[in-house]
Amino acid sequence: MLSLLILVIVAAIYGVAYYFYGRKLLEQKVVKADPNRVTPAVEKFDGVDYVPANKYVLYGHHFASIAGSGPIIGPATATVFGWGLPLIWVLFGNVFIGAVHDYLSIMASVRHGGLSIMTVSENVMGKRARVVSVIYVWMALVLVLAAFFSVAASTFASVPQTALIMFLYMPISLFFGILVYRYGVNVKLATVISLVFVAISFFMSFYIPVYLTYEGWVLVLAGYSFVAAALPVWYLLQPRDYLNAYLLWAFVALAFIGVILIAGLPFTGPIYTDFAQPASILGAMGDLGRARVAYFWPVIPLIIACGALSGFHSLVGSGTTSKQLANELDATLVGYGGMLTEGAVSSLAVITPIAFVWDFAQLGAMVNYPVTDMLAKIGIRAPTIIGLAAAERFYTGYALLQATGWSRIFGLGTFEASFIGFRVFAATALTAFIVTTLDTSNRLARFAWQELFNWVKVSPGTKKVLTNRWLASLVGVIVGVVLAYPQIYVPELNRFLPAYSVIWPAFAGLNQLLAALMLMTASLWVYAVLKVRGGVTLLTLVPAMFLWITVTLALFVWIFYVMPSLPMLYISLAGSFIIIAQTLNFLLLIFFIQGIRKSK
Amino acid sequence: MKTKEAVGIALTGLGLILYLYTIVIGGMRGAIGVRGTNEINAILISLGMYAVLIGPALWLGEIPVAIKKFIEAKTGKKLS
């Protein structure tokens, strides 16, 4: 009954949080959202970035953009602590930090003409804070690109049946966008037609895998990110994310159903293993990798990023989402609701399946099926799911849970076919999450890069060249590719690992620190600009400070135990990013304290 | 027809041909590309994707009428 209990707890917590915390408190008491106020999407419409969208379309875009591989890879990695602690962190972080942070980022941006959260930081903490934030944000986005290039490339290389649908999704999305926006075809009709094409593509991709090497995929994805980020949002981003949302909802709905179908069966995994894990979980290698210094607190933010909370969301929220919001009231569904949906992905589609299928032999004995033999056919010989890389842990766990559930209805004869089908489906969902994030990240990195040259003093000609849309996109992509391209040889495992195993903790750390800083900015906006007073201000301030302390400590662990063990390329790029970020972090704390003092 | 539109049509057509070719060949061979290599057909479908992304943007790249009408109704301003 454990699976059903988790389902009920998750649904109850999210339902109550959405209604009372999101709608009653944040929307009505803190921000006082007004449906009659004209939003920047309408006021500053430009046909490229400022374009109002239907709230469900925007929810789809926002959810698909924020839900990169973060809600999947992080919780999958964190299950080495047992499944209990990661689940608690996801639920706690989601409701009290992540969703609040996302909602306030969108609304602060909307009230600042759709400009980025960095502009808000300038208004509440001064110009220096904005410059520091922009540098910080650009570095964080480059690490997002690097980590996601690597995760997606590794998934396409491991499950080549997921690739054709990615290629076919592009023309189908364009077709949908052109039908709706250019020819005014009814959205429902266009959706049905497009989803039929998506279903056909999914079945085709089973039979026609696309093979490229890991490095080849990194380059293809980098090219995609570069091109897609420069296209108008209505043309690809809105329709693609809207259609993608159906795939992602199907993925989440099936996770719900799967959890119900396995009701009555026990989990094969432990609720708790050990509070301290080897530093290798943070990407450390050699002797340092064996040191048991990765204590759940404070290092958990270096592992679980978007599933609980994410600074990247403030960039999406204040970068692309706020520029498409047609009505202020839509922000609760899009921002707060989007984050809770992402938490549901982590808790029900990642942590619960891994907890259930943990020990393959035990699972086989329980369902009376030779699970270990079936897995050996596709090259999985590890006795437990913890022996797999994080991405593989996710799609193997999801598929085994689904196969168990559905075989209880249709018989054990369907077990293997269900497993194969759901494995491809889960890997497709993972890559869909990531690909949507790749062009949003690059678009945002371009905004940050261009904004940076408002302060860096160069000649007008040089500035024109450096802030050119294409060049600005290219810079972030190049650094991302340099980090993601190599596969790293780990002598103790005698195999190559995709670069994300090293980049992930650096990306996650920078991302979580960004969340703390942006939540501090949003808290200051609530206090200084909205003039909210009393206990309600602590609802944002306390989580922000808790997160700041946690992540700052975690990054020191990374600097002292992980960085020295890495190859030189990662010390010089990821390492320098983290050290600069840690320095800027303290500067921003000073600006924040000054901002609070001034607004008293 | 403007040059931009012509280039857009050409790129769209090229992209669709590359898709069609690689999918037909892939269907006959059971895969696009060869495991462990960067074979030409897998590269061609990637190039097809870029052409399909850029082509229609050049060809049909103006602001959509439906969005224009919505903005004009909300702001009362006439868009150029």
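Student: How many salt bridges are there between chain B and chain A?

Tutor: Side chains of opposite charge can pair when their charged atoms come close. In this predicted model, the count between chain B and chain A is zero. Six residue pairs are in polar contact across the interface, both residues at pLDDT 80 or more.

Student: Which helices of chain B supply at least two residues each to the side that touches chain A?

Tutor: They are α1 (3-29), α2 (40-59) and α3 (65-75) of chain B. The most comes from α2(B), which gives ten residues. By type, the residues on this side of chain B are 23 nonpolar, nine polar and three charged.

Student: How much area do chain B and chain A bury between them?

Tutor: About 3,200 Å², with 75% of it on carbon and sulfur atoms. The contact involves 35 residues of chain B and 37 residues of chain A.

Student: Where does R111(A) find its salt-bridge partner?

Tutor: Over all chains, a search finds eleven salt bridges. One of them joins R111(A) to E328(A), with the closest N and O atoms 2.8 Å apart. The two residues lie 217 residues apart in the chain. R111(A) is in the loop between α5 (84-110) and α6 (117-125) of chain A, and E328(A) is in the loop between α14 (312-321) and α15 (330-357) of chain A.

Student: What span should helix α24 of chain A have?

Tutor: Helix α24 (residues 568-598) of chain A has 31 residues, so at 1.5 Å a residue it should span 45 Å. Its end C-alpha atoms are 44 Å apart, which agrees. α24(A) also has a kink of about 30°, centred on G575(A).

Technical notes: Residues numbered from 1 in each chain as written. Chains lettered and ligands numbered in written order. Predicted model: local features only at pLDDT ≥ 70, side-chain atom pairs only at ≥ 80, totals over all residues. Heavy atoms only, no water. Contact = heavy atoms within 4.5 Å. Buried area = accessible area lost by both parts, 1.4 Å probe. Salt bridge = Lys/Arg side-chain N within 4 Å of Asp/Glu carboxyl O. Polar contact = N/O pair within 3.5 Å; in protein donor to acceptor, adjacent residues only side chain to side chain. Helix = DSSP H or I, 4+ residues; strand = E, 2+ residues; numbered from the N terminus. Nonpolar A, V, L, I, M, F, W, Y, C, P; charged D, E, K, R; others polar. Expected span 1.5 Å × (residues − 1). Bend = angle between axes of the 7 residues up to and from the residue.
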